[in-house]
Structure formats: structure tokens, C-alpha cells
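Welcome, and thanks for taking a look at this one.

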There are 4 protein chains.
Amino acid sequence: MGTISCNKLDDVKITIPKQVSKKENQKTTIVNVNGIEVGGKEVVIFAGPCAVENREQLFETAKSVKASGAKILRGGAFKPRSSPYSFQGLGKEGLELLSHVNKELNIPIVTEVMDTRQVELVSAYADLIQVGSRNMQNFSLLKEVGKSKKPVLLKRGMMATIEEFLNAAEYIINQGNDQVILCERGIRTFETSTRNTLDLSAVPMLKHLSHLPVIVDPSHGTGLRWMVPFMAKAAIAAEADGVIMEVHYNPEIALCDGHQSLGLNEFSKLMVELGKIAKAVNRTIL
Amino acid sequence: MGTISCNKLDDVKITIPKQVSKKENQKTTIVNVNGIEVGGKEVVIFAGPCAVENREQLFETAKSVKASGAKILRGGAFKPRSSPYSFQGLGKEGLELLSHVNKELNIPIVTEVMDTRQVELVSAYADLIQVGSRNMQNFSLLKEVGKSKKPVLLKRGMMATIEEFLNAAEYIINQGNDQVILCERGIRTFETSTRNTLDLSAVPMLKHLSHLPVIVDPSHGTGLRWMVPFMAKAAIAAEADGVIMEVHYNPEIALCDGHQSLGLNEFSKLMVELGKIAKAVNRTIL
Amino acid sequence: MGTISCNKLDDVKITIPKQVSKKENQKTTIVNVNGIEVGGKEVVIFAGPCAVENREQLFETAKSVKASGAKILRGGAFKPRSSPYSFQGLGKEGLELLSHVNKELNIPIVTEVMDTRQVELVSAYADLIQVGSRNMQNFSLLKEVGKSKKPVLLKRGMMATIEEFLNAAEYIINQGNDQVILCERGIRTFETSTRNTLDLSAVPMLKHLSHLPVIVDPSHGTGLRWMVPFMAKAAIAAEADGVIMEVHYNPEIALCDGHQSLGLNEFSKLMVELGKIAKAVNRTIL
Amino acid sequence: MGTISCNKLDDVKITIPKQVSKKENQKTTIVNVNGIEVGGKEVVIFAGPCAVENREQLFETAKSVKASGAKILRGGAFKPRSSPYSFQGLGKEGLELLSHVNKELNIPIVTEVMDTRQVELVSAYADLIQVGSRNMQNFSLLKEVGKSKKPVLLKRGMMATIEEFLNAAEYIINQGNDQVILCERGIRTFETSTRNTLDLSAVPMLKHLSHLPVIVDPSHGTGLRWMVPFMAKAAIAAEADGVIMEVHYNPEIALCDGHQSLGLNEFSKLMVELGKIAKAVNRTIL
């Protein structure tokens with residue numbers, strides 16, 4: 001009850017919960033982020049800084065990535081950091097900065113929520129609410145965003161199986177919110193040359209088992225700025241519905257994750273290359 | 001600032017946050033759970049059912065494990081389950097049952113908190129508040145239990161490094177609560193014959209780097225009832241300060257984790273064997 | 001001595017042995033497999049059955065994959081199988097069948113060698129000698145193929161780090177044979193929905209650190225026939241120099257790995273799609 | 001054919017090959033290493049240097065570990081090293097030194113074989129032939145030691161499942177040699193504070209599924225000298241049939257693995273503690 005066995009693929013031994021499960025001939029669900037459709041023919045590019053730092057940083061970065069073709073702006077106001085002594089984000093002030101840029105530049109924003117008590121606040125500012133990797137099995141938070149009216153970007157836990165990931169999405173849908181985008185962002189393995197191991201096979205697997213759209217985060221997935229373009233292209237070739245990347249107007253001075261953030265020019269050039277790959281798989285970008 | 005490099009062990013490359021860090025010749029911190037000291041000469045045994053199901057189940061199990069020598073009763077009222085369709089726990093009713101048993105049998109209780117909004121409620125009933133594996137990097141929850149006056153049992157995330165685990169404990173201590181017990185409960189690896197891979201080397205490693213007491217959960221660590229005794233003994237031989245085990249008065253009908261729960265007689269016999277190992281490492285149990 | 005630190009990438013902490021290491025502005029080494037150049041502008045496709053089974057199977061498969069654009073024929077005569085009761089390959093008879101097809105169809109062949117005592121024999125038949133994943137750290141075998149005059153296809157161990165992989169290649173080159181092709185074929189992780197986790201980030205990483213050409217094996221990397229096309233495309237987008245795939249004229253009756261082998265028509269259609277991706281990254285296939 | 005499903009444990013999903021499989025009420029097979037019985041009531045301690053370096057080093061170490069209670073001397077003549085530029089062992093000269101010490105001190109020796117062509121040579125000197133982790137799935141080597149008359153110490157691959165490990169043992173037995181000792185030596189996980197993650201749950205699991213004796217290598221399993229005593233004790237508490245440890249008469253100058261080798265005094269003291277644990281589980285050491 002509530003789950004179905006996977007009978008489309010005899011060789012994949014997974015029990016898929018019923019609401020995220022893809023039915024016979026079902027198309028990818030289109031998630032509408034304030035006018036931007038994720039899951040359709042267009043490959044949607046999300047870009048922006050790891051953390052919102054100040055107005056200039058956010059505005060300059062947002063203006064540039066939008067001009068280059070990004071459709072949704074990312075930026076963290078509440079930051080989950082391994083150490084309590086690392087920069088924890090600007091909090092509500094960060095949300096307000098995001099909101100100003102949203103209005104001035106007319107670009108939807110996605111930002112993370114980390115606490116059930118903040119869901120209402122974050123929902124008031126964001127067009128798309130992010131549940132981060134470390135909270136993928138924070139079931140209280142999943143239920144709370146499931147009660148929200150805003151679409152949700154659910155990142156795969158760095159230790160989560162495909163089955164657990166789909167069950168986490170089911171927690172959200174089960175509360176009445178079926179606007180969920182799945183995001184592969186790298187899993188933890190024995191390999192240490194990259195920050196995580198980006199599991200691109202998760203893209204076709206998730207799209208085969210579920211009707212939800214799937215995007216990829218090569219910035220966290222690799223942790224290496226120079227590797228982001230390679231993996232962004234590979235993600236689109238594997239038929240991801242979008243790519244989310246960290247871009248900063250000056251990565252050298254970023255308060256967070258500068259080593260994995262693209263500069264504005266790098267991002268602009270990359271967009272042209274991504275367009276070529278999208279075309280090769282019958283998708284569009286710009 | 002806030003962290004120190006590990007210079008005691010040139011061969012361990014870890015940056016340890018300052019408050020959890022063990023200073024020269026520092027002894028293990030004793031955490032006092034309503035009169036029961038964890039971190040001293042005695043190896044403390046925690047036992048009880050995975051989930052509180054009803055009064056009979058909890059009371060019969062508690063009475064028996066106490067008689068066998070367990071010092072702290074475990075039992076979940078709020079249950080983190082991978083699927084939204086699995087039993088989610090009795091909630092507040094479960095807390096009240098725990099509280100009744102606590103008073104009748106005079107045994108301290110530990111139970112899990114999953115939501116920042118529940119910390120006050122759970123603190124009112126529990127003697128020791130548990131933060132589970134899936135919430136080890138739920139930083140909002142860590143901060144909230146750090147503000148509580150109750151001691152905290154922090155379980156290692158199933159894919160958390162030793163460094164991340166110690167940083168999670170630092171989040172709690174940094175809010176003013178230094179009564180933290182660390183719990184190794186198995187990590188996720190490629191091996192599938194056991195539910196997780198119990199990393200017993202974490203016990204000497206954590207005790208070498210930090211002054212906090214360390215206990216082991218062989219029930220979740222192995223997922224196999226028959227294997228629990230072997231790993232409980234090994235944990236004590238590796239100098240764990242305690243062992244936490246799932247025990248049920250009738251594992252065959254348990255609503256949760258019955259396959260890894262010991263029956264009452266098995267537990268009673270095991271306690272005798274654990275006592276022998278404790279003695280062999282100059283510790284006591286009963 | 002013999003190794004250099006990686007100073008091109010401050011953020012990659014790897015010690016690279018000197019002969020596999022890429023020098024400033026060094027281009028990818030071209031490995032010449034009996035006239036087919038691996039490492040140049042062309043993305044080289046390797047295809048064929050997991051194991052050589054009989055003349056008809058090998059000949060029909062080879063003829064078809066060649067017509068579809070594959071440039072090198074794969075086929076195992078000595079098979080490394082987890083169980084001693086599984087089909088172990090045709091041995092020398094398999095090598096002779098490969099040799100016949102090679103002459104009739106004029107397509108170079110790659111086949112695996114598993115024993116130092118077989119290197120001379122296999123070298124007499126193969127155009128490219130494969131060292132499989134399970135033997136990546138069989139140092140005696142690496143030294144022996146290093147003394148051979150034939151180019152070597154070295155597959156990454158399923159548990160091998162990038163650093164270990166490059167050191168294994170160094171063992172070969174250090175014996176005088178610098179014609180080495182590296183192959184990413186999936187690593188072992190906690191995820192079980194795929195046979196292994198194909199680590200495509202290994203492609204840009206290996207090409208950044210080393211001058212050796214890099215190919216990808218999506219058949220073993222995923223273990224799922226339907227997923228091979230997605231990952232083959234992604235591999236080329238990530239700038240692999242080649243892709244090796246299992247193709248069988250009748251996957252349903254294959255003695256080995258039929259569930260991950262493409263049929264002849266599937267392969268033929270896929271080649272057209274791979275050509276589009278190759279073009280999008282300024283490479284060619286046909 | 002050749003394999004049986006595991007019907008003793010409904011909760012362990014493993015297919016066990018028939019000859020390694022434990023039958024109803026079957027006792028642990030006793031492997032006789034030139035008079036020393038492994039698999040009986042006594043917990044057998046194996047000790048000695050990582051690599052044989054010279055006569056003095058080997059003789060002094062051997063004399064001391066024997067006096068402390070070790071029953072089998074370990075020492076590598078052929079060394080599997082990740083880098084071709086690391087010390088590769090003394091080869092035949094090392095075997096001769098081992099043989100001299102064997103005769104003078106009357107202690108059986110175990111040493112590694114890495115190449116099918118060396119099996120005859122190594123068998124002529126060793127009382128117990130070791131197949132190392134990196135060669136656990138070198139099937140040619142497994143078959144060759146299976147034809148030998150000498151008992152075999154088979155180390156688990158660092159990323160081998162229990163099922164693969166038992167199948168590797170089956171390869172040996174299937175050639176007619178049923179004198180096989182299994183050795184858990186740490187698996188590769190995401191955790192980097194220890195060299196590997198010692199999987200002690202493998203001990204009860206292997207002994208439950210198979211009749212072969214199981215020993216543990218805490219030296220390679222942890223890579224940290226100070227941690228070896230903790231894990232050696234835990235291994236015996238988990239009912240290992242033996243422990244193999246690296247001991248060197250002067251770890252500071254060891255050519256290989258000095259950081260994980262115990263000094264002679266440390267080893268001597270540890271033996272006393274191991275005896276107490278052995279007694280607590282009804283086994284003996286001295």
C-alpha cells in the first residue's frame with residue numbers, strides 16, 4: 001500500500017512510492033517556477049552565488065547570468081555549514097536582497113530553507129524553495145514544505161540511494177504539493193580528487209522511474225571550477241531537465257565555495273557550448 | 001579560529017573544533033543522565049524497543065531490561081522512516097507512555113527529537129534527547145538542542161566523516177550545552193549483507209580526538225539480531241563507554257525493526273557475556 | 001623521485017607519477033591500434049560481445065558494428081568471473097575466432113589478458129591488450145604487459161582512486177610501453193540501482209592530470225542496456241576519447257552480460273546520436 | 001549448480017558457493033599450518049614485519065614476537081606497492097631469509113605470492129601462502145594456489161563484498177585445496193581518518209555462512225599503530241580465530257608501513273591484554 005514494485009525494469013530492484021512513480025507513457029511533470037517551466041523542451045539553467053553576501057555581489061552576478069541566458073537565480077540566505085565557525089548566511093537580510101533583485105531584474109529565485117519554523121518566511125520571498133542535501137531525510141521539513149504552495153527543489157542526500165530520494169519526494173507530494181524538482185548533486189564515495197562523485201546515471205534512472213523533472217548541480221558535484229563545464233555538458237547529454245551552477249562576480253573573494261564558482265565570463269562562454277549539446281539531444285536552452 | 005589542527009597524531013589529518021577537542025591528559029567528560037554517569041568506569045547499557053507501541057510492550061520490555069542490568073531505557077515516539085507510508089510513531093502519546101514507565105520503574109529514558117519545534121516538548125519528558133543519524137547535519141536542530149538543558153545523544157550520520165561528526169557536536173556545545181554523548185551506529189558502504197557497516201574504529205578515534213563519551217549501536221549498525229551480541233562485545237573491547245540495543249518483548253510482532261531486536265532472554269544472557277568483556281578491559285557493567 | 005606533485009591544480013591533492021603526468025601544453029598522446037588512432041580528433045567507438053561464444057555470434061556482431069561505425073572489435077576469450085561455476089570463456093579457441101574475424105573484416109581487436117603466462121599468447125592475436133578492473137593492481141601483470149610491444153587498454157579498478165589508476169599506468173610505461181589507453185568503467189558505491197556508479201568526472205580529471213587518452217565503458221558502468229545510450233552520450237560530452245560498449249547479435253541468449261548488451265539495431269541508431277554529440281564538442285565519429 | 005542460497009538466515013541475501021558453505025551444525029574447519037592449528041579453541045596470533053628487509057631485522061623481530069606468544073611469522077618478500085618507485089621487496093633473497101629464521105626459531109611462516117609463475121617457488125619456502133587484497137579476484141592466481149599443497153591465507157579485497165570473498169575462496173577449494181583461512185583487513189569507504197575501515201561484522205558473518213576460519217588484520221585495517229591494540233581486542237571479542245599484526249624491531253626505520261607497525265614491547269604488552277579478551281569468550285591464546 002502506497003508503494004509499487006518496479007515492473008518496467010526487471011533489472012532494477014527498487015520499490016517506488018506511488019505518487020512519484022511514472023505511469024505508462026506518462027510525460028515529465030512540468031514544474032512552473034513563476035513562469036519558467038522546468039521539465040519541458042527547454043533545458044533550464046539556474047545560476048548565482050553560493051551565498052548572498054551583499055547587494056552589489058548579488059545584483060551584478062544576477063544581471064550578468066540573466067543576460068547570458070540563466071532563467072532562475074540561486075543564492076543562499078541560510079547556509080548549512082559543517083562548522084559552526086563558518087559564515088552562516090545573512091538570514092532574513094539575504095532574503096530581502098534576493099527579493100529586491102527578483103523585482104528589479106524579473107528573474108525567479110530559489111533559496112534554501114533549513115528549519116520547519118522558517119518555511120513560511122522563506123516561502124514569502126522565494127519562487128522555488130530548496131531542501132538541501134543534508135536535510136533530504138529531515139522528514140519534518142519535507143512535510144512542512146509539502147504543505148507550502150511553492151514548488152520545491154529537492155537535492156539528493158550525499159548518502160541517499162535512488163529509492164530513498166524518491167521516498168523523500170513522496171513525503172512532499174503526499175502533503176499535497178506535487179511541484180517537485182529533483183536535483184542530483186554528487187554522492188559520497190571513496191574518491192577524493194573531486195569533492196563528491198557526480199552520479200550522472202541518476203538522471204536517466206530517476207526519469208525512468210518517476211515523472212518528476214531532474215536537474216544536476218555540477219558545482220557541488222565536483223567542487224572544482226574548471227570541471228564544471230565538462231559535467232554540465234555531460235548532464236545535458238544525459239537528458240537532464242536543467243543545470244544549476246554557482247557563479248560569482250568575483251570568485252576569488254567569495255565568502256563560500258569560491259573554488260567551485262564560475263566567473264561571469266566563463267559562465268557566458270559555457271552557455272554557448274551548453275546550447276550546442278542541448279540541440280544535439282533535441283532540447284533548447286536560449 | 002574555533003578549530004585546532006590535530007597535532008597529537010601526525011598521521012590523522014583532521015581539523016578538530018576546539019570545544020569537543022581533547023586537551024593534553026584530559027579525561028572523558030562524564031555526562032550525567034538523571035543520575036546515570038556515562039563516560040566513567042562503568043560501561044552503560046541502553047536498551048528498549050525501536051518504537052513505543054503501547055503500554056504493555058513498553059512496560060514489559062522496560063521491566064525486564066532493567067532487571068537484566070540496563071541503566072537507560074530507549075524508545076522512539078517520533079520515528080524517522082524512509083517511507084511516508086511506514087509507522088511514524090505515537091508522537092506525544094508515546095512520550096507520555098515513556099514518562100509513566102520512567103516514574104514507575106525509575107529508569108531514565110532517551111528518545112528522539114526530529115523537529116526544532118518539538119525540542120521543548122521532548123525535553124519535558126526525556127532525560128536524554130536523541131538527535132538521529134538523518135539529522136546529524138540538521139544544523140537548526142543541533143542549535144536548538146544546544147540551547148536545551150538536557151543532555152544530548154548525537155548519532156553519527158550514516159555517511160558522516162569523523163570530522164563532520166565532531167563538528168556537529170561542536171554546534172551543540174557552542175550553544176552552551178556540553179553534555180553530549182557520541183554514538184557510532186554504522187556507516188553506509190558498498191557491503192549489503194549487513195544493514196550498515198559498524199565502524200568500530202570510530203570508537204578509539206573519537207575518544208582519542210575528543211573528550212566526549214562514545215557509545216555504540218550494534219542493532220542499527222548490523223540490522224541482524226543474531227549479530228548484535230558479537231558486535232556489542234567487540235564494542236566494549238574497543239573501549240566504548242556504552243552500548244545501545246533494541247530489545248522487544250516479542251520481536252516477531254514489533255511494528256519497527258523487529259528483525260534486529262533482541263528478545264528479553266537473549267538480552268539477559270548477553271548481559272552476562274558483556275560483563276566478562278568489560279572486566280577484561282578494566283571496566284564494569286553491573 | 002619518480003613522482004611529481006600536482007601544481008597545476010591547487011585544489012586537487014594528488015601525487016602523479018612522472019611518466020603519465022601531463023606537461024605544460026602537452027597534447028593527448030595518440031595510441032595507434034593497428035591503424036586506428038585513439039586520442040586524436042575522432043571519438044573512437046569500440047563494440048562487440050562480452051565473451052566470444054562461437055563463430056556465428058562473433059562474425060555477425062562484428063560485421064554489423066563495423067558497418068555502423070565501430071572501429072575496434074571487443075570480445076573476451078579469457079573471462080574473469082566472480083564464481084568458478086560461471087562460463088570462463090573459450091580461451092585459445094576464442095582468440096583464434098577473434099583472429100579470423102580480424103582478417104576477414106579488417107577490424108582491430110581488443111581482448112583481455114588475465115595471467116602473466118598468457119601475455120605472449122594474447123599479444124600474438126590481439127591488436128590491443130586489455131587489463132581488466134580486477135587486475136588493475138596485479139602488478140606482475142602490469143609489468144609483463146609493459147614489456148609487450150602491443151598497446152594496452154587499462155581499465156580502472158572498481159575500487160581504485162584516480163591516483164592509484166595513474167600509478168598502475170605508470171607501472172606499464174615504466175617497462176618501456178607508453179601506448180596506454182585509460183578506461184573509466186564505473187566504481188563501486190553504496191548505490192545499488194545500477195551495477196556500478198559510472199564516474200564521468202574521471203574523464204576530465206584524468207585528461208587534466210595525464211597525457212594518456214581516456215575512454216568510457218557505459219555497459220559495465222551501468223549494467224543496464226537501456227541506460228547505455230544516455231551515458232555514452234554523456235561520456236562524449238565530457239570529452240572522452242572513445243566509448244566501449246557491449247553489443248550482441250542476440251542479447252537474450254548471450255552467455256554473459258546479456259542484460260547490459262545492446263542489440264545490433266539499437267547500436268546502429270545510437271551511433272547516429274553519438275555523432276551529434278561529438279560534433280557539438282568539435283569531435284568526429286564517422 | 002555449484003551454489004546454494006542462504007536459507008539459514010532469511011535476512012541475509014547472499015548466494016554462497018557450495019564448498020565454502022557451512023552445513024548444519026558444521027564446525028569451523030581446522031587449517032593446519034605446519035603444526036599450528038587455525039580454527040580451533042586457540043586464537044592464533046600472526047606477527048612480523050611488513051617486508052623482510054635484512055637478516056637482523058627479521059631475526060630480532062621473529063625471536064621477540066615468538067617469545068611474546070606469536071605462533072606464525074609474517075613477512076613479505078614480494079611486495080604489492082601502489083607506485084612502481086616504492087620498495088618492491090627482496091624477492092627470492094627475502095624468501096631465503098624467511099626460511100633460515102623458520103629453521104632457527106621453529107616458527108611457521110606466511111608470505112605473499114603475487115604471480116602465477118611464483119607459486120611453485122613461494123610454496124617451496126612458505127608454510128602458508130598469502131593471496132593479498134589486490135589479488136583477491138586474480139582468478140588465475142586463485143586457481144594456481146588451489147593446485148598447491150600448501151594452506152592459503154586469502155585476504156579480502158578492499159572493496160570486495162562478502163559474497164565475492166566467499167566465491168574467491170571457492171575458486172581455491174574447487175581446485176582441490178580446502179585449507180583456506182579468510183582474512184578481513186579493512187574495506188574502502190568514504191572515511192579517511194583511518195587507512196581503511198576495518199569491517200569487524202565480517203567476522204561473525206563469514207563464520208555464520210562458511211566453515212572456514214577467519215582472522216583479522218588490524219594493522220592494514222586501521223593504518224595507525226596506536227589503534228591496533230583496540231581493534232585486535234575487538235576482533236577477538238567478535239570471535240575471530242586469529243589476528244595478524246605488523247611488528248617491527250624498530251618501526252621508525254621500517255622500509256614499509258612503519259606508521260602502522262607495533263614495536264616489540266608494545267606487542268609484548270598487547271599479548272597479555274589479548275589473552276584476557278580471549279578468556280572472556282572462552283578461547284585461549286598462550
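Two residues are taken to be in contact when heavy atoms of theirs lie within 4.5 Å. With that in hand, please keep in mind that this is a predicted model. The briefing starts with helix α6 of chain B, whose buried residues are covered in part by a helix of chain D, namely α8 (228-237).

**Two covered helices**

- Helix α6 of chain B spans residues 202-209, and it is largely enclosed by the rest of the structure because seven of its eight residues are buried.
- The buried residues of α6(B) are Ala202(B), Val203(B), Pro204(B), Met205(B), Leu206(B), Lys207(B) and Leu209(B).
- Within chain B, the cover over these residues includes β2 (15-17), α5 (162-173), β10 (180-184) and β11 (214-216).
- In chain C, helix α4 (residues 139-147) is mostly covered too, with seven of nine residues buried.
- Those buried in α4(C) are Phe139(C), Ser140(C), Leu141(C), Leu142(C), Glu144(C), Val145(C) and Gly146(C).
- They pack against α3 (119-125), β8 (128-131), β9 (152-155) and α5 (162-173), which belong to chain C.

**The nonpolar core**

- The largest nonpolar core holds 337 residues, and the members that touch the most others are Leu154(A), Leu154(B), Leu154(C) and Leu154(D).
- What does Leu154(C) touch, not counting residues up to four places away in sequence? Its partners are Val131(C), Met136(C), Leu142(C), Phe165(C), Ala168(C), Ala169(C), Ile172(C), Val180(C), Ile181(C), Leu182(C) and Cys183(C).
- One of these partners, Leu142(C), is also among the buried residues of α4(C).

- Thr189(C) sits in the loop of chain C that runs between β10 (180-184) and α6 (202-209).
- Is Thr189(C) buried or exposed? Its relative accessibility is 10%, so it counts as buried, given that the cut-off for buried is under 20%.
- Its side chain makes a polar contact of 2.7 Å with the side chain of Thr197(C).
- A polar atom of the Thr189(C) side chain also lies 3.1 Å from the backbone nitrogen of Glu191(C).
- Beyond neighbours within four places in sequence, Thr189(C) is in contact with Ile187(A), Thr189(A), Phe190(B) and Thr197(C).

**Cavities**

- How many cavities of 30 Å³ or more are there? The count comes to five.
- The largest cavity has a volume of about 200 Å³. It is lined by 18 residues, and Ser133(A), Arg134(A), Met158(A), Met159(A) and Gln137(B) are the closest to its centre.
- Seven nonpolar, seven polar and four charged residues make up the lining of the largest cavity.
- The second largest cavity has a volume of about 160 Å³. Of its 16 lining residues, those nearest the centre are Arg134(C), Met158(C), Met159(C), Gln137(D) and Met159(D).
- The lining of the second largest cavity has six nonpolar, six polar and four charged residues.

- Asp257(C) is not a glycine, but its phi is positive, near 60°. It is found in the chain C loop between β12 (242-246) and α9 (264-280).
- With a relative accessibility of 13%, Asp257(C) counts as buried.
- Asn34(D), not a glycine either, has a positive phi of about 50°. It lies in the chain D loop between β3 (31-33) and β4 (36-38).
- Asn34(D) counts as exposed, because its relative accessibility is 54% and the cut-off for exposed is over 50%.

How values were computed
Residues are numbered from 1 along each chain as its sequence is written. Chains are lettered from A and ligands numbered from 1 in the order in which they are written. This is a predicted model: local features need pLDDT of at least 70, side-chain atom pairs count only at pLDDT 80 or more; totals for chains, interfaces and linings use all residues. Side-chain values use heavy atoms; hydrogens and water are left out. A nonpolar core is a set of buried Ala, Val, Leu, Ile, Met, Phe, Trp, Tyr and Cys residues joined through side-chain atoms within 4.5 Å. Buried means under 20% relative accessible area, exposed over 50%, partly exposed in between (1.4 Å probe, protein chains only). Helices (H or I, at least four residues) and strands (E, at least two) are DSSP runs, numbered from the N terminus. A polar contact is a pair of N or O atoms within 3.5 Å; within protein, one must be able to donate a hydrogen and the other to accept it, and residues adjacent in sequence count only if both atoms are side-chain atoms. On a 1 Å grid over the protein atoms alone, a cavity is a set of points where a 1.4 Å probe fits but cannot get out, and a pocket is an open set with protein on both sides within 12 Å along at least five of seven lines; lining residues have an atom within 4 Å of a point. Grid points are joined across faces, edges and corners, and a volume is the space filled by probe spheres set on the points. Ala, Val, Leu, Ile, Met, Phe, Trp, Tyr, Cys and Pro count as nonpolar, Asp, Glu, Lys and Arg as charged, and the others, Gly among them, as polar.
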